[in-house]
Amino acid sequence: MRAESAIRNLPGSFNQTVAKLSGTPVKTYRVVSLFSGCGGMDLGFLGGFSFGDRFYDRLPFRIVWANDINTAAGCTYAENMKHSIVVGDVAEHMDQLPKTAEVVIGGFPCQDVSINGARQGANGERTILYKYMISAIERTKPRIFVAENVKGLLQAHGKDFLDTMLSDFAATGYRVSHRLYLAADYGVPQMRERLFIVGVKGRREFEHPAPDLRHMTAQEALSDLEDAKENEAIGHVWSKAQASPDQGNRRLKADKPATTIRAEHHGNIQWHYNLDRRLSLREAARLQSFPDGFRFHGGMRERERMIGNAVPPVLAWHIAKAVREFLDPGRVRAGS
């Protein structure tokens, strides 16, 4: 990436990139998206975007319904995805779900089992929102569903809740598997670990995508922005908060992927590996593998939260490819 190209890549150019497809898939699969946020997982499922030196091919998925409670995230989603999104409490909009879909996806809120959260688990008001995913699955009867959450579910304070959740998902009649993914293993310049739960119909197992152990470093992802001045047009603006304990004092290492970009850090996002400032919003978005033309709406804290909450699009793309292979292995083998 070059700084000048990043600055030229003004809001809206992401959609132009998506439009430059080598060919529209003949067959598409309908996707229902819950807790969509700003669209990280949805973008991964659609494909057709560039990150770093790679173009991530268009995939045969079509978002037919999406929802998030946050207004700024909804505005961000609608502009970048060029698709409508229902903004509001999912509980009040379940009757709007389509009757059928091949895929249901969602990154339901995770703060109640996060290492850095309150660790309320099954008693938390937000994490039990996974039950709305179950309701969506029961209503639309997809062939496969993909749910994303935090590593804390695998740890002592979350394990009982995870067992309950897996049992609840399996009770819908799906064969359920789960795996912890390290985003850096899939081309995301960040040591982010997230749990993915996948449920399938039929006899075949879902094959989780194999990792690529070549990690992209923070410097590889961000070096062209080192000399760039603050530029609100591309979101290259940063918090001026001074050093503070814990998260507030962490500095990236140039030769390693970034540490996890958090949603809640109250302006105390990590320090640049080389400069005496914190990461900019655009740099955080890059470390989450968003393309440069992806525009985020809202105030500074709102944008920090939606970037930190997002599923990295590049990681989601690899999972989406595996979903496509599950849905139509013959076509994949034929190279179509």
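Helix α5 (residues 130-140) lies across strands β1 (29-34), β6 and β7 and runs at about 170 degrees to β6. Helices (H or I, at least four residues) and strands (E, at least two) are DSSP runs, numbered from the N terminus. Contact means heavy atoms within 4.5 Å. Axes are lines fitted to C-alpha atoms, for helices over the stretch in contact, and angles run from 0 to 180 degrees between N-to-C directions. The structure is a predicted model, in which local features need pLDDT of at least 70 and side-chain atom pairs count only at pLDDT 80 or more, while totals for chains, interfaces and linings use all residues. Residues are numbered from 1 along each chain as its sequence is written, and side-chain values use heavy atoms, with hydrogens and water left out.

Glu-138 is found in helix α5. With a relative accessible area of 46%, Glu-138 is partly exposed; here, buried means under 20% relative accessible area, exposed over 50%, and partly exposed in between (1.4 Å probe, protein chains only). Glu-138 and Gly-173 are 35 residues apart in sequence and 9.3 Å apart in space, C-alpha to C-alpha. Lys-141 lies in the loop between α5 and β7. The phi of Lys-141 is near 50 degrees, a positive value in a residue other than glycine, and Lys-141 is exposed, with a relative accessible area of 61%.

The sheet is open and consists of seven strands in the order β5-β4-β1-β6-β7-β9-β8, with mixed pairing. Two strands pair if DSSP finds at least two bridges between them. Strands β5 (86-87) and β8 (175-182) each have a single partner strand and stand at the edges, so one side of each is left without a neighbour in the sheet. Strands β6 (residues 103-106) and β7 (residues 144-150) run parallel and are joined by four bridges. Across this pair, Val-104 stands opposite Phe-145 in β7, and Gly-106 stands opposite Ala-147 in β7. Strand β7 also pairs with β9 (residues 193-200), in the antiparallel sense and over seven bridges; there, Val-146 stands opposite Val-198 in β9. Seven of the seven residues of β7 are buried. In a regular strand the side chains alternate between the two faces of the sheet.

A positive phi of about 50 degrees is also found at Phe-35, although this residue is not a glycine. Phe-35 lies in the loop between β1 and α3 (40-46) and, at 13% relative accessibility, counts as buried.

In helix α9 (residues 300-309), the buried residues are Arg-303, Glu-304, Met-306, Ile-307 and Gly-308. The elements that cover them include α4 (71-81) and α8. Asp-227 is found in the loop between α7 (218-222) and α8 (281-287) and is exposed, with a relative accessible area of 78%. Asp-227 and Leu-275 are 48 residues apart in sequence and 9.7 Å apart in space, C-alpha to C-alpha.

The second largest pocket is lined by 16 residues, of which Arg-54, Tyr-56, Gly-187, Arg-214 and Met-216 lie nearest its centre. On a 1 Å grid over the protein atoms alone, a pocket is an open set of points where a 1.4 Å probe fits, with protein on both sides within 12 Å along at least five of seven lines; lining residues have an atom within 4 Å of a point.
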